[in-house]
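Hi everyone, thanks for coming. Let me put the model up on the screen, and then I'll walk you through it.

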Amino acid sequence: MPAERLLELDDVQVHFPMREGLVKAVNGVSYHVNKGEVLGIVGESGSGKSITARSIMRLLPKKAVEPGGRISFRPRTGEEYELSSLSRNSRAIRQVRGNHIGMIFQEPMTALSPVHTIGMQIMRTVQLHKKLGKAAARERAIDLLAKVQLPRPRELVDAYPHQLSGGMRQRAMIALAISCDPSLLIADEPTTALDVTTEAQILDLLKSLQSELGMAIIFITHNFGVVADIADRVSVMYLGKIVETATVDDIFYAPKHPYTQALLRSIPRLGVDQGRRLPTIPGMVPDPFSVPPGCSFNPRCSHAIAGLCDVKTPPEKRFGNQMSRCHIADQFVQEPAHV
Amino acid sequence: MIAFILRRALLAIPTLIFISFIAFVIIQLPPGDYITAYAAELRHQGEYITEAQEAAMRAQYGLNDPLVVQYWRWISNIVLHGDFGYSLQWNAPVSSLIWDRLAITLAISTLSLVFTWIIAIPVGVYSATRQYSVLDYVFTVFGFLGKGIPDFLLALILLWISFVYLNLNVGGLFSPQFQSAPWSVAKVIDLLQHIWIPLVVLATGGAAGLIRVMRANMLDELGKPYVETAYAQGLSESRVVWSYPVRVALNPFISTVGWALPALFSGDIITAVVLNLPTTGPLLLQALKMQDMYLAGSFILVLSVFTVIGTLISDILLAWFDPRIRYA
């Protein structure tokens, strides 16, 4: 791995054998995260973005199988981990979880234990990884609560999750995730369950923490607006594959995959095209048991070429730092798509 | 927390008063009264008392007074003097009959409850964390068998096995030579030789059901996001399971402590009769059959009081255990 690399995924695959057939939830995903950068991962429900994140954490459901792929991780401390070879309950992965990689979940209402105080949950993590005593861990918990800008941290350290509002709980969740100064924070739709005002506050908090602590973030969301706000680079996922990766500017101003273009066109904008119907992507997301052959987006793609796109799986085409999995990606270089 | 306990304890007082009144009314419900029964008893033995004598005795015992006055006399005797009345059938004060048996019942039942939990909680947790494994199926089969076999049948089988094959003297709690002997090491050993059968019988039935409850609760809890959060902190699997979902899944156990207490005293009557245990169950059964009013009434009162106290205890335990209840 290059020196600046923190995390590298190479052809990661996660399959679920079901009675109805094999679901290839993650089907050859490759991406990397550099030290201190924010990677946004965008995709609709079921595109495999959360499962990929769980594969990094080795927290996949027990019935998942991994036929292939490599996940390499090198935290700030320098040691190298081959995460893909670690088993779910191995000692090595337990040293990584919570210590080098923190994780924030979607549901602040249920993601914290209802029968332990906020402080208790943070203290457990700190005591486990930082080998602090009880009093020192408690002080650290209070510091962390202050760092995520919770009011009255000295009182809230003894509060139970049900005594806090949704936004406060998500702040507590963030405090828990960053409690051991992780090199990487995985945020799995951390603002989806919050109202937009709270969402903006949480995003600001994450940005300031990221620059203060110098950690990298994988930010999983289905919301392009959120990605524009926080990410340096963006990967777009569709049906278990990354279809496009680019810097946040290129994703918004020069997308080179028809799926990205179609997603961007379907975002409502203030003052533009008033009175016209919002364009939508035709058709439905195919059911996971019968993914179309060739490019899996071809039945819904307005540029699809019969005999090519529905037969051959498109290769990764690179344009500088941009990657697009589309047969006709070159075409969008000459004539940037109007979005 | 203290305010919570005080409030609950205060609420228990009117409930107890109401229950004691109901218990007294139930004692009075059968036609006739103590004197009628006493006269019938005398007639049976060939003696005879006149109507006037009966009336005099009624006046003497205060049986002509209004119900409320009689209730007051009964309850104040119990509360102020610990006098539960007089058992016709045993010809002895009720209090001398029930306290020994209550103590033995409490001992046996508490032990069997502890055994039930010791079996049910680990097995339930194992079954849930290793769902559909071979051992899970084995536990499920044994669970349904344990639930399906009536306690008294299991008791009979165990009696038969230990009598025929192990040559043990098993009925009751003590061998005849220790029945009225003072407590000694030998007597305790003798007790241990007898007590395992009721414990096994009572614990299997209870554990079989509780394993299923624990398994279902755990399966619910294991799927919740906070469990994943705990894993994501780097805690080991056993530490996650035992300090997070088990804590929450135990709630139903704690709330059933309240019912366990009265069930300990009235329940398992048939088992107790089969095993000839000197517990309260058989005595209550007999008192009801013979219309032994004061004995039966006292039992009903004691059971009701235990129900209220048990509920109070489980409320307090639950609030202590689960902050969502404490601060609701």
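I'll start with the ground rules, then go through chain B, the interface, and chain A.

This is a predicted model, so to speak of local features we need pLDDT of at least 70, while side-chain atom pairs count only at pLDDT 80 or more, and totals for chains, interfaces and linings use all residues. Residues are numbered from 1 along each chain as its sequence is written, and chains are lettered from A and ligands numbered from 1 in the order in which they are written.

Let's begin with chain B. It has 16 helices and two strands; helices here are DSSP runs of H or I with at least four residues, strands are runs of E with at least two, and both are numbered from the N terminus. The C-alpha trace of chain B spans about 85 × 55 × 35 Å along its principal axes. Of the 328 residues in chain B, 30% are buried. For burial, we count other C-beta atoms within 10 Å of a residue's own, with C-beta atoms placed from the backbone: 20 or more is buried, 12 or fewer is exposed, and in between is partly exposed. As for contacts in chain B with a separation of 6 or more, 73% are between residues 24 or more positions apart. A contact means that the C-beta atoms of two residues, placed from the backbone, lie within 7 Å.

Now for a helix pair in chain B. The axes of helix 5 (residues 94-129) and helix 15 (residues 293-321) of chain B come within 10 Å and cross at roughly 45 degrees. Axes are lines fitted to C-alpha atoms, for helices over the stretch in contact, and angles run from 0 to 180 degrees between N-to-C directions. Helix 5 and helix 15 of chain B are therefore oblique to each other; under 35 degrees counts as roughly parallel, over 145 as roughly antiparallel, 65 to 115 as roughly perpendicular, and the rest as oblique. Helix 5 of chain B passes helix 15 of chain B in a right-handed crossing, where the near helix is turned clockwise from the far one by less than a right angle, anticlockwise being left-handed. From helix 5 of chain B come Val94(B), Leu97(B) and Ile98(B), which meet Tyr294(B), Leu295(B), Ser298(B), Phe299(B) and Val302(B) in helix 15 of chain B. That contact has seven nonpolar residues, one polar and no charged. The classes are Ala, Val, Leu, Ile, Met, Phe, Trp, Tyr, Cys and Pro as nonpolar, Asp, Glu, Lys and Arg as charged, and the others, Gly among them, as polar.

On to the interface. How many residues of chain B are in contact with chain A? There are 20, and they touch 24 residues of chain A. Helix 9 (225-232), helix 11 (245-249) and helix 16 (323-326) of chain B each supply at least two residues of that side of chain B. Helix 9 of chain B gives the most, with seven residues. By class, the side of chain B that touches chain A has ten nonpolar, four polar and six charged residues.

Pro114(A) takes us across to chain A. Pro114(A) sits in the loop between strand 6 (101-104) and helix 3 (118-130) of chain A, and is partly exposed, with 17 other C-beta atoms within 10 Å. Leaving aside neighbours within four places in sequence, Pro114(A) is in contact with Tyr160(A), Pro161(A), His162(A), Val248(B) and Arg324(B).

Chain A also has an open sheet of four strands in the order 2-1-4-5, with antiparallel pairing; two strands pair if DSSP finds at least two bridges between them. Strand 2 (21-34) and strand 5 (81-82) of chain A stand at the edges with a single partner strand each, so one side of each has no neighbour in the sheet. Strand 4 (residues 65-73) and strand 5 of chain A pair over two bridges, and Phe73(A) has Tyr81(A) in strand 5 of chain A as its bridge partner.

Finally, two backbone angles to look at. Asp11(A), in strand 1 of chain A, has a positive phi of about 55 degrees although it is not a glycine. Leu239(A) also has a positive phi, near 50 degrees.
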